[in-house]
Amino acid sequence: MNTKEVIADLQRRFPNEPEYHQAVEEVLSSIEDVYNEHPEFERYNLIERLCIPDRIFAFRVSWVDDNGRVRNNMGYRVQHNNAIGPYKGGIRFHASVNLSILKFLAFEQTFKNSLTTLAMGGAKGGSDFSPRGRSDMEIMRFCQAYVAELWRHIGADTDVPAGDIGVGAREVGYMYGYYKKMAREFTGTFTGKGIAFGGSLIRPEATGYGNCYFLQNMLATRGLEITGRRVAISGSGNVATYTAKKIMELGGKVVSMSDSGGSIIAPDGLTREQFDYIFELKTYMRGRLHEVPERFPELQYHPDRSPWRLVQCDIAMPSATQNELNVLDAEALLAGGCFAVSEGANMPSTPEAVHRFIEARILYAPGKAANAGGVATSGLEMAQNSQKLSWSAEEVDRRLAEIMRGIHEQCVRYGSEADGYVNYVRGANIAGFMKVADAMMAQGVL
Ligand code: NDP
């Protein structure tokens, strides 16, 4: 396999999909050596079969808004790979959604799910529908219209969707309800469900908490702790808020949060009261961060800015969206003394930024390792649903911490370099790849 040739071929066959090409290139460049040690992989043309999704569903979603106007959005589901388990991955509702973004996310998901050691393949879905400013009834009608198309392609042992940007417990509830009606069954299809109907305790918290557990493991390799550290976080959605909550519990100082309008900076760290307000505002009131200084004038709001160049920090945890941290941001973070980056979002750092972090030999955890706690806990939700049982919060949290420790261990095993530096990108990619590759080889050409 020659990474450059594979990428050139994908660019020719699937033009205008930059995020997909970016994600594939990042993985292939770190597994190329290992792949080439196995001539049987090449004989089976494994790499092409691993890069191109098994199948993609694309459909029109028509729904009626509150004014009686008919609206049309595009809906998608990318079923990337099911070599090690049923397709599994979230659904994203955001105006920016397109096939390039969903193909990159489904590709990444395949390796991430493999790293968790649970039996889950990779998938991703979504729509260019934006829930922002839509009423509850509009969101319900949209979710129902989306699932009216999707339901026949998913199932507890086929493909299990979950939430992502713009899809939280409310949207999962509406989608699961409609799925249940169409499929006439009450099974574990969809994770991130409400606790009353099969959801798992700790699932909402899992991605953010899991990232903090991963960070703890990573810091421990250098004898460091979170206590007293200044942590810059971007985003203020599901992943960002639970990351902030756990960082504060562990004694760290959260010096920033953001949304798509701008950033809130707290040079001395958010107080519990300030954080609780932000959590309420973003999670339940569906408000905007620019409203925060009205209540807490001591907090600075910077419109249209991400946090990275606004505040000095020891640790950065980008938790909003892809490519939100570029090389200039990386330079600013390094100049300010940042020694660890642990990604809550998927592919939030551009390739140039990642290169700078690794070149500077700081601790850098890519999203596919650091944010795998969300899907891992979805896997635990599937296990509970199969057994028709619910585990306690302590039990799920204990298993989550254990899984994150295991992922860290695999990264160290496959990513340690001659000088002792752990290249977590390489470690995560190789560990995730080997398991999927072995399963694909064993199952023949499909
Ligand atoms: P949410 O929709 O709950 O929150 C997303 C946050 O990011 C919001 O604060 C949003 O701002 C902000 N944001 C979205 N797009 C942009 C943008 N283009 N520029 C700046 N800010 C933006 O999503 P999640 O917290 O669930 O997901 C965040 C990231 O984590 C995504 O990359 C997702 O793929 C990844 N992830 C999520 C998992 C999960 O379990 N939920 C699991 C693993 C990864 P605003 O409020 O203005 O919209």
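Predicted model: local features only at pLDDT ≥ 70, side-chain atom pairs only at ≥ 80, totals over all residues.
**Entry 1, the end of H9.** Residues are numbered from 1 along each chain as its sequence is written, and side-chain values use heavy atoms, with hydrogens and water left out.

I checked the length of H9 (residues 238-249): at 1.5 Å a residue its 12 residues should span 16 Å, and the end C-alpha atoms are 17 Å apart, which agrees; the expected span is 1.5 Å times one less than the number of residues. I then looked up burial (buried means under 20% relative accessible area, exposed over 50%, partly exposed in between, with a 1.4 Å probe and protein chains only), and found nine of the 12 residues of H9 buried. Among them are Val239, Tyr242, Lys246 and Met248. The cover over the buried residues of H9 includes helices H8 (203-220) and H10 (272-283) as well as strands E6 (230-233), E7 (253-259) and E10 (315-317).

In helix H8 I looked up Glu205, which counts as buried because its relative accessibility is 17%. I also noted that Glu205 and Ala156, 49 residues apart in sequence, are 23 Å apart in space, C-alpha to C-alpha.

I next took helix H16 (residues 393-415) and helix H17 (residues 424-443), whose axes come within 7 Å and cross at roughly 100°; axes are lines fitted to C-alpha atoms, for helices over the stretch in contact, and angles run from 0 to 180 degrees between N-to-C directions. H16 and H17 are therefore roughly perpendicular to each other, the term for angles of 65 to 115 degrees. In their contact (heavy atoms within 4.5 Å), I listed residues including His408 and Tyr414 of H16 and Arg426 and Ile430 of H17.

I recorded 17 helices and 12 strands for the chain, and 57% of its 446 residues count as buried. Among contacts between residues at least 6 apart in sequence, 72% join residues at least 24 apart. The C-alpha atoms fill a box of roughly 60 × 60 × 45 Å, taken along the principal axes.

Notes. Helix = DSSP H or I, 4+ residues; strand = E, 2+ residues; numbered from the N terminus. Parallel < 35°, antiparallel > 145°, perpendicular 65-115°, else oblique.
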